[in-house]
Amino acid sequence: MSDSLIIIGITLTYLILVLWVGLRARGQQSSSLEGYVAGGRHVGVVILFFILGAEIFSAFAFLGAPGWSYQHGAPAFYILAYLSLIPITIWAMGPRVSELGRQKGYLTQGDMIADHYQSKPLGILAGVIGVLALVPYLTIQIAGAGLLFQAATDGLIPFWLGALLAFVVVAAYVFCSGLNGIGWTNLIQGIMMISIAWFLGLSISGRLYGGVGEMFSQIQLTMPEYLTMPGATGMNWGYFSTAVLVSAFGGAMWPHLFMKFYSADSGKTLRKVSVFYPLYAYLLVPLLFIGFAGVLVFADDPLTRADTVLLRMVMDVANFSPWVIGLMLSGALAAAMSTGANLAHTAAIVLVRDVVGPTMMKGASEKAVVSATRWSVLGLSLIAYLFALANPASLVLLLLGAYGLIVQLFPMVIGALFMPQLRRASVMAGALAGSLAYLLLEFAFSSPLGWHAGIWAMLLNIGVVAAYQWFSKPVLTPSTPR
Amino acid sequence: MNKTYHLLVGLHFTLCTLAMIWPGALIANRIEPTVLGLPFLFFWYILWMLVLFVGMWVAYVIRHGGGRHE
């Protein structure tokens, strides 16, 4: 009981610290829309690095990555691969997005798409897909926070209360401070989770096996199938490779990543951030150690939920003091909250600017739009919270599912950035065909060759765009605003 | 210069991507030799993350300059 109180005490202290920093970051910029959404387009290298890194380093990374290495073994390297490949898209498209945003005042993907293709419905479609993908992702973060609280306090703080606590804090500073709040809190949360992850990874393998090398030699002796592909569960190379490609190159299509391109103070800043980005993937390495450590520990009595392996190891196996468990909980909450803050912020902006703005709020003043965005932060967080209470599905599957849908914006965005010859009708048909194919393959039929459904949907998407371009010659000269 | 630069950056990106998925990762799909205590396949990913980083850093310095000291 007193142990639980120490854990709760440390964690609440941490939550209060984050809240304080987040509210203090309010500054003078957040009253304008550009300030609230994009930090006035003046965000520099260090803050941008932590914003972009922390939003990828989510509850999924903290719980799901050790879960994967525990359950599958080597296929967990998928996470290292896709995280370190994401900067390729940042490098290639970030500076162009940032430049266009500065010239034309874009703040969302929908802005750019609607303006480039001279079509409001297309912007609305992009917005709807965006919100549909962001809300499940936010749900994952909230569910992660609840699960963590419940497990680390032995149920003293139940799932619903833990999830609520973490997300009230996040919603409060996002509501008040916008992107500035996210930037400064992510700096703290980033440092917090990096140090906790490395500490736990090294000390768990040290305590149980006497070191990382010894741990792997013992796994090699008894269960070598965990250390190479196809892993313990027989994941084929086709699925592995296509999942990496979808996650890595679809990653930059995520509105919460894409929209940060607008906040950079220059294209050069984005290039610099992308250079250092692969280093963020190194933070996951110790978390994979924890999962591998669990392979032998739970060999006779497997866990029913793989994504609880980190918690079980820290709490039941390694016998850490309640102080360490409290820090572990804070670090893991940091991962969930920093990503959640970005997601709630982005989902609200996309909803208001791309979906509600051109329909129900035509001609509204900037002040009204900022205020609607703020309230949407609270509304969408609440919806995601209710989803989290209802649906405890596996974290990774939800994440992969949501990623697949958003990737379908790819040809549309490439067209707006680099290929002005792509026409509105073709990219629209492609995105619709791709999204439909993705949903069918993911939820109704099984995907051919066992590949990730997102790849098939993308191939169909590109195929439809190409066919449309080829067969329907433009009747009028296409309007391509420069 | 400009064309060569983009070609080389593109090649670097393609190489790093293929090294981490099929077929590149096939050649590293074994446990021995262990490096730094890690099974070879694990080390392979750690290695390519570093290669990607170094390549991008070089590309950045060539294009955007290395700051005041260079």
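Modeller: Residues are numbered from 1 along each chain as its sequence is written, and chains are lettered from A in the order in which they are written. In this predicted model local features need pLDDT of at least 70 and side-chain atom pairs count only at pLDDT 80 or more, while totals for chains, interfaces and linings use all residues; side-chain values use heavy atoms, with hydrogens and water left out.

Biologist: What is the mean pLDDT of chain A, and where is confidence lowest and highest?

Modeller: pLDDT is the predictor's confidence in each residue, from 0 to 100. Chain A has a mean of 86, and 94% of its residues reach 70 or more. Confidence is lowest in helix 18 (residues 395-406) of chain A, at a mean of 62, and highest in helix 14 of chain A, at 93.

Biologist: How many helices and strands does chain A have, and how many does chain B have?

Modeller: Helices (H or I, at least four residues) and strands (E, at least two) are DSSP runs, numbered from the N terminus. Chain A has 21 helices and 0 strands; chain B has 2 helices and 0 strands.

Biologist: Why is chain B called more spread out than a compact globule?

Modeller: The radius of gyration is taken over C-alpha atoms, and the globule rule is 2.2 Å times the number of residues to the power 0.38. For 70 residues the rule gives 11 Å, and chain B has 15 Å, well over that value, so chain B is more spread out than a compact globule. Its C-alpha atoms fill a box of roughly 45 × 25 × 10 Å along the principal axes. For the 482 residues of chain A, a compact globule would have a radius near 23 Å, and the 22 Å of chain A agrees.

Biologist: What makes helix 13 of chain A roughly antiparallel to helix 2 of chain B?

Modeller: Axes are lines fitted to C-alpha atoms, for helices over the stretch in contact, and angles run from 0 to 180 degrees between N-to-C directions. Helix 13 (residues 267-281) of chain A and helix 2 (residues 40-64) of chain B have axes that come within 8 Å and cross at roughly 165°. Angles under 35 degrees count as roughly parallel, over 145 as roughly antiparallel, 65 to 115 as roughly perpendicular and the rest as oblique. Helix 13 of chain A is therefore roughly antiparallel to helix 2 of chain B.

Biologist: How many residues of each class are in that contact of helix 13 of chain A with helix 2 of chain B?

Modeller: Contact means heavy atoms within 4.5 Å. Among the residues that meet are Arg271(A) and Phe276(A) of helix 13 of chain A and Trp57(B) and Tyr60(B) of helix 2 of chain B. Ala, Val, Leu, Ile, Met, Phe, Trp, Tyr, Cys and Pro count as nonpolar, Asp, Glu, Lys and Arg as charged, and the others, Gly among them, as polar. This contact has 11 nonpolar, 2 polar and 3 charged residues.

Biologist: Why is helix 9 of chain A called oblique to helix 14 of chain A?

Modeller: The axes of helix 9 (residues 212-222) and helix 14 (residues 285-297) of chain A come within 10 Å and cross at roughly 45°. That angle makes helix 9 of chain A oblique to helix 14 of chain A.

Biologist: What is the relation of helix 8 of chain A to helix 14 of chain A?

Modeller: Helix 8 (residues 159-209) and helix 14 of chain A pack at about 30°, with their axes 8 Å apart. The two are therefore roughly parallel to each other.
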